[in-house]
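Please read this report with the sequence and the 3D view side by side.

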Amino acid sequence: MSYAETIDQAIANCKQQTVLMQRCLAQEKLMDALKHASIMLTELRSPLLSPKQYYELYISIYDSLSILSNYFVECHSKKHHLADLYELVQYAGNILPRLYLMITVGSAYLQSADAPREEIFKDMIEMCKGIQNPIRGLFLRYYLSQRTKQFFQAEDSETKKANVNFIITNFIEMNKLWVRLQHQGPLREREQRTRERKELKILIGANLMRLSQIAEADFKLYKDEILPLILEQVINCRDVVSQEYLLDVICQIFPGEFHLGTLAELLATSLKLNPTVPINKVVLTLVERLNGFIDRQENPDLDSVTRGLAFVDIGEENKNLFFMFWKFLNQLSEERPDLSLQELAPVIQGILKLTLRWYPDNVSNVNVLFNFMHEKCKEYGKALPEEYDFLFHDLLLAPELKSDTSFFLRLLTECEAYEGLLSAQNSNLQRECANEILDTLTGAEWRISSKPELEKILKLCGSLVESNSDKMSSSLILDEEDDLDSENWSFSPDQEKLAHITHLCDNKSIESHCELLLTCRNWFQKSGKNIKYHSPAIICNLWKLIRKCQLRINRKPEIREKLNGTMKQLFKHVSLIINDIYNACGGGCLDLLYKLNVQTASLADQAQLGDIAYDFFSQAFTIFEESLSDSRTQFQAIVNMAQTLQKTRSLYMDSHYETLITRCTLHGSKLLKKQDQCRAVYTCSHLWWATEISPLGEEEGVTESFFREGKRVLECLQRSLRVADSVMDNVQSCELMVEILDRCCYYYIHGDEASTHVGIKYINGLIELIKTNLDGLKLEVTSMIEDGPKLKTDCAYIGIDGCYIHRNSANSVAAVYTKPPASKTTLLNFIPVEHFNRTLKYIRDQKDVDDRFKAIVL
Amino acid sequence: MSLFFKSPIDIEILLDGEESRKHVEIANSSDSASARTLRDKYPVYEDGESVSGIVTLRVKEGKKLEHLGIKVSLVGSVDISKSSSESKKRPVETFLSLSADLCPHGELIHSQNFPFHFKDVEKRYESYRGKNVDVSYYIKVTVLRKSTDIVKHKRFWCFLYNREALPSAVSSSQNEGKPVKLDIGIENCLHIEFEYSKSQFSLKDVIVGRIYFLLTRLKVKHMELSVITRETCGLEPNQLSDSTSIRYEIMDGSPVKGETIPIRLFLGGYDLTPSSNFNHFSIKNYLSLVIIDEDGRRYFKQSEIVLYRKRN
């Protein structure tokens, strides 16, 4: 008898024979039916089919044989005794059809009560040995297993044991065949063999599945009868695919509580595997199962828990899972020195997961693991290659570690080995890890309240601090231009995160908090130039502390003395840090220093520490005078200074205030550009006209002690008007004048003519002057004004600091230019005109409210 | 021809209880292809059994037959004449011949019945129809005449049971029933050990055994067990003729070292010949293990087994 060439043909043949067989059965011609079945089974002898095709054919044949099997069962003892049939089918000359038929008859026979059960089982499994071809043998034995599975629901333990033995024997033989499949055929098809084997793995796994169904709840049976035999086979077969798959299946299909009881055996087995089996996979699966067990226990469906607990009948020394794994790990490293870090790391990670799940608060376990890994890194000797980075990254920042942030922090602060392991990594990875650690800390809004904790964390972030100092030394030249602008911030998110640490520091005691901040400062010192990124954060936090002091003083005036001392101390620290920045960065960030000084001064003023405020102001001026050279920055600085000074209240002693404001105005009038001069000076005019600060309890009209000198105000305005007048550009000049007019209006509203010296006459004069100038301007433009009503949609303004603002109707966002945009020159001419019109309209409106305005001639 | 020389008399031999007696079907030995599929059917007798029956002589209507006496005889003969080579042709050898007279010379006028009875006939050999040799038993009725005698044969078949007692060519009585172990191999290539439960089997027996692979470097495709029946006839040089009675696949695929393959072969369903030894020829049965490798090469080992017929 022969077989078909192709799978399609084979299946067609098989169908045809099935039909013939059924017909014969209907006519009760058993012998003919058997003949057809046998012809059909001959197709299974084909060596031409791939495992997949063979499986397809097998399924089809399985169905056909089921028909036959049903017939056997029905006709047993009525027509044919199955014992006779069992002998009859043995006359088939070819072994494969013979065995299939034999199993079909045998399994049918088993269904009758009088069958010699044991003998049939024994005979069937024994005879299956005749098939030594891997694929055919596997399928035959799978057929055996499928046909017999219904007979395994025994209750008494003897039968159970016998069944288990039967299945295990079958399993062992199948596994052998499966392994043998690997070694068949030419060497170059090895890959393909492996692939094919993986396609067939389910056939072998099915046996274990049956075992798990039998064992179900019988731990003793599992431990004594099932597992040792399976594991022995796993070890003996020495085949990678098989070992990997089988251990995985064992872990997956038997209940977690069983694994608890047999952990030692499982782990011991995994030590004896073929060296190329990825041992980490095994460990990971096991860990997942054990963790799953805990999960189930925590969400108890009652049944399983009680059942589970009943099984956990394990010795004391086995109770500590971690210890068992730890022992395993040590053995592993002893017996398998060939294991690379790459393979070891996931194992550790697996154990890590386990301990985190089972012993969630046990830092020392984790410490032990990290320590182990650290040792391994040291043994590795040379620098860790970059492709290992992800391993350690995963290990150090496992999601399981980070998920519980409080544990993570304990880990960071208490676990020695963590730091050790981290420091063993290359700087890139260290930086990456530090980054993520910081992210986690920030995300968790953890408060660092003790110095050791802080130091620990800073140490962990050491890579971020130091690595950049390297960069600094290597690119010294470039750094000269490294100005502190917004772009730079975004370029160094690392530094931003470091700076963030300072915000995490927190302690109720102001002194301790301050100490934390100073600790940060000391650490950051190492980063050289980069302290310009961190120091502002520290200063900022010191400011917060100062504020806190103020609040406390307000609440409890009696401790003012003491707290004043503290505050002074804090200011000193601020000053120190500002100096640090200055020393480290030199010219790089003067603007920053200036602003910090001004801001600190303002704070000191608010704390009524005039001397200190003065100091900081004078520092600011020093910087301004010595180092701020850019005209634009200068202008901004003056405005900033004026703004701050105007609000100070504690500087009146020793005429500090006058000194400072005079100096400020003087600097303003000495600015490079005339429009800057003009604006700076009229802004400075406010320094002589203090206004109410309601939080301090001041009120216009009630408080008498405002620092106001109208004469100086007028002087300032006049001076700025002179400058405005001397500006060559008519448009600019007019605009400035209108701005001065606005100021005049402000003073006119807010004070009597007597005190401000800004009177009707002056305003009228100014309006006249502007009108005249604008007339001149209009002459220049009338010729052009006609050509575009559409221009009306585009508007341009000049900002208070002299920038040009252009608003396009099409675009809701206005564009700002520091230089007059060349294309819009015609538009520029309208700026002062429109500004003037708006001002006049305002004055007109004011006339309705304030009678004094009626004197203004428009 | 028969038309002209038509026998003037019809002879019919009817054995007692023939209808109810057990029959065997034996493949027709005729050489013509069309007849090969035909099967002859013969009644079966045992050793020591009486053979009796009735001979009926029918004379054609209105005729009479003059004869010199009518004789019935029981003949057992070995016929090696089927041998193809003429030179070695041997005569038919008769090893058994019993006769009895049925009636003295006279004239047959009408049909007449003559009973005959050979009591407790010893039949030394079992009937056999082989390639070169036939062992046959028949009843022969001879009507003696002045001219040619009229002869009528009636074949019957003979089975011999309980042959254990007979001396056997291979197995002496002491190792009978003991398992047969064989250890064979090709150096550095194959080494197997096989074992049968015994070396003598009845025709309804089961051959049980196992094959143990100690070393296998062959790529085995499959392995077969076959039973070969060998008839030997004549003197030197022996005329051998083998025929394979059973081919039975016992293994599919290539085993590895350490595998044990079970053997179980039911003989009952096959048409086998018991081993026997005659004066001039013998029938022996061999159990042959054949290993076929993937290149189609066959490796085999034969060992003799004794088959005997046993009463159920």
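In what order do the strands of the open sheet of four strands in chain B follow one another? In this predicted model, the order is 11-12-14-17, and the pairing is antiparallel. Strand 11 (180-186) and strand 17 of chain B stand at the edges and have a single partner strand each, so that one side of each is left without a neighbour in the sheet. On average, and with direction ignored, neighbouring strands of this sheet are turned by 20° against each other. Within the sheet, strand 11 of chain B pairs with strand 12 (residues 190-196) of chain B in the antiparallel sense over seven bridges, and B:Leu182 has B:Phe194, in strand 12 of chain B, as its bridge partner.

Chain B also has an open sheet of three strands, whose order is 1-4-7 and whose pairing is antiparallel. Here the edges are taken by strand 1 (9-15) and strand 7 (112-118) of chain B; each has a single partner strand, so one side of each is without a neighbour in the sheet. From one strand to the next, the twist averages 20°. Strand 4 (residues 51-59) of chain B is joined to strand 7 of chain B by seven bridges in the antiparallel sense, and B:Gly53 stands opposite B:Phe116 in strand 7 of chain B.

| Sheet of chain B | Strand order | Edge strands |
|---|---|---|
| open, three strands | 1-4-7 | strand 1 (9-15) and strand 7 (112-118) |
| open, four strands | 11-12-14-17 | strand 11 (180-186) and strand 17 |

The domain assignment divides chain B into domain 1 (9-160) and domain 2 (164-308). Where these two touch, eleven residues come from domain 1 of chain B and 13 residues from domain 2 of chain B. On the side of domain 1 of chain B that touches domain 2 of chain B, five residues are nonpolar, three are polar and three are charged.

Chain B also touches chain A, in a contact that takes 17 residues from chain B and 18 residues from chain A. On the side of chain B, the elements that give two or more residues are strand 16 (239-252) and strand 17 (260-266) of chain B, and strand 16 of chain B gives the most, with six residues. By class, this side of chain B has eight nonpolar, four polar and five charged residues.

Within chain A, the axes of helix 29 (residues 510-524) and helix 31 (residues 560-585) come within 12 Å and cross at roughly 10°, which makes helix 29 of chain A roughly parallel to helix 31 of chain A. Among the residues that make this contact are A:Leu518 of helix 29 of chain A and A:Leu570 of helix 31 of chain A. The contact of these helices of chain A divides into five nonpolar, two polar and one charged residue.

How far can the model be trusted? For the complex, the predictor gives an ipTM of 0.86 and a pTM of 0.73. Chain B has a mean pLDDT of 81, with 84% of its residues at 70 or more. Among the elements of chain B, strand 17 has the highest mean pLDDT (92), whereas helix 1 (residues 33-36) has the lowest (52). Over residues 165-174 of chain B, pLDDT stays under 50, and the model has ten contacts beyond four places in sequence for them. Where pLDDT is low, predicted coordinates should not be read in detail.

Definitions and conventions. Residues are numbered from 1 along each chain as its sequence is written. Chains are lettered from A and ligands numbered from 1 in the order in which they are written. This is a predicted model: local features need pLDDT of at least 70, side-chain atom pairs count only at pLDDT 80 or more; totals for chains, interfaces and linings use all residues. Two residues are in contact if their C-beta atoms, placed from the backbone, lie within 7 Å. Ala, Val, Leu, Ile, Met, Phe, Trp, Tyr, Cys and Pro count as nonpolar, Asp, Glu, Lys and Arg as charged, and the others, Gly among them, as polar. Domain bounds come from an automatic or database domain assignment. Two strands pair if DSSP finds at least two bridges between them. Axes are lines fitted to C-alpha atoms, for helices over the stretch in contact, and angles run from 0 to 180 degrees between N-to-C directions. Angles under 35 degrees count as roughly parallel, over 145 as roughly antiparallel, 65 to 115 as roughly perpendicular and the rest as oblique. pLDDT is the predictor's confidence in each residue, from 0 to 100.
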